[in-house]
Amino acid sequence: VRDKNVGLVGNWLGCWKDAPADGGGWSTAVVVLEDDMEVSSLYWRWLKKMWGNYAFRTDLAGISLQYQHTRGSDGANTFHVTNGDKPYLYKIPGSWGFSPHPIAWAKFLAWQKSKAESGYEPNDLQFKGKDVITTRWWKDMRGRGQDPRMWTQWYLRFMEDNKLFCLYPNLPMRHAFAASWNEQG
């Protein structure tokens, strides 16, 4: 419990600060659920199975419980993977029901702190020479004089630099293990 409001980014960057840099023998899995989330009663069983199957992948940034619908290049709500409903890897972190890989998360927290202290902002992600949708969102917010407050953009830059992926469920009829009500605040 915090003494004061640290905002969404502060909460994300403050969670699991003691993530074991060596994986910790894989005795702990963490999943971040924001207060406007709803989860399936089956999510924990699926998540434990995925960690059991994929924990030792060196290109895994984490596992998401959400259905990923956003096409990273332009933000279109048309992204879908047709692979017989098997989990898949994607270059965008899934923030709804995210379970970070402990090794990647520990490295990310140190990297993000160093980059932020140097004045760097992750507003340079591109695909085929054009800003990806999250870069456009970041720049639009800055252009309006707002703090972007996007931990996902930081993690996306880290994932890109380290050639990491997020694992997603691919349930029939685009169902998911977690969904957000997208409430304000």
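The protein's secondary structure comes to 5 helices and 8 strands, where helices (H or I, at least four residues) and strands (E, at least two) are DSSP runs numbered from the N terminus. Along the sequence they follow the pattern α-β-α-β-β-β-α-β-β-α-α-β-β. This is a predicted model, in which local features need pLDDT of at least 70 and side-chain atom pairs count only at pLDDT 80 or more, while totals for chains, interfaces and linings use all residues. Residues are numbered from 1 along each chain as its sequence is written, and side-chain values use heavy atoms, leaving out hydrogens and water.

Let's turn to the sheet. In the order β3-β7-β2-β4, 4 strands form an open sheet with mixed pairing; two strands pair if DSSP finds at least two bridges between them. β3 (88-90) and β4 (98-100) stand at the edges with a single partner strand each, so one side of each has no neighbour in the sheet. Strand β2 (residues 60-64) and strand β7 (residues 165-168) run parallel, paired over 3 bridges, and here Leu60 stands opposite Phe165 in β7.

Now for the overall picture:

| Property of the protein | Value |
|---|---|
| Box filled by C-alpha atoms, along the principal axes | roughly 40 × 35 × 30 Å |
| Accessible surface | about 10700 Å² |

Of the accessible surface (Shrake-Rupley method, 1.4 Å probe), 50% belongs to carbon and sulfur atoms. Buried residues (under 20% relative accessible area, 1.4 Å probe, protein chains only) make up 43% of the 185 residues.

Note on methods: Buried < 20%, exposed > 50% of the residue type's maximum accessible area, 1.4 Å probe, protein only.
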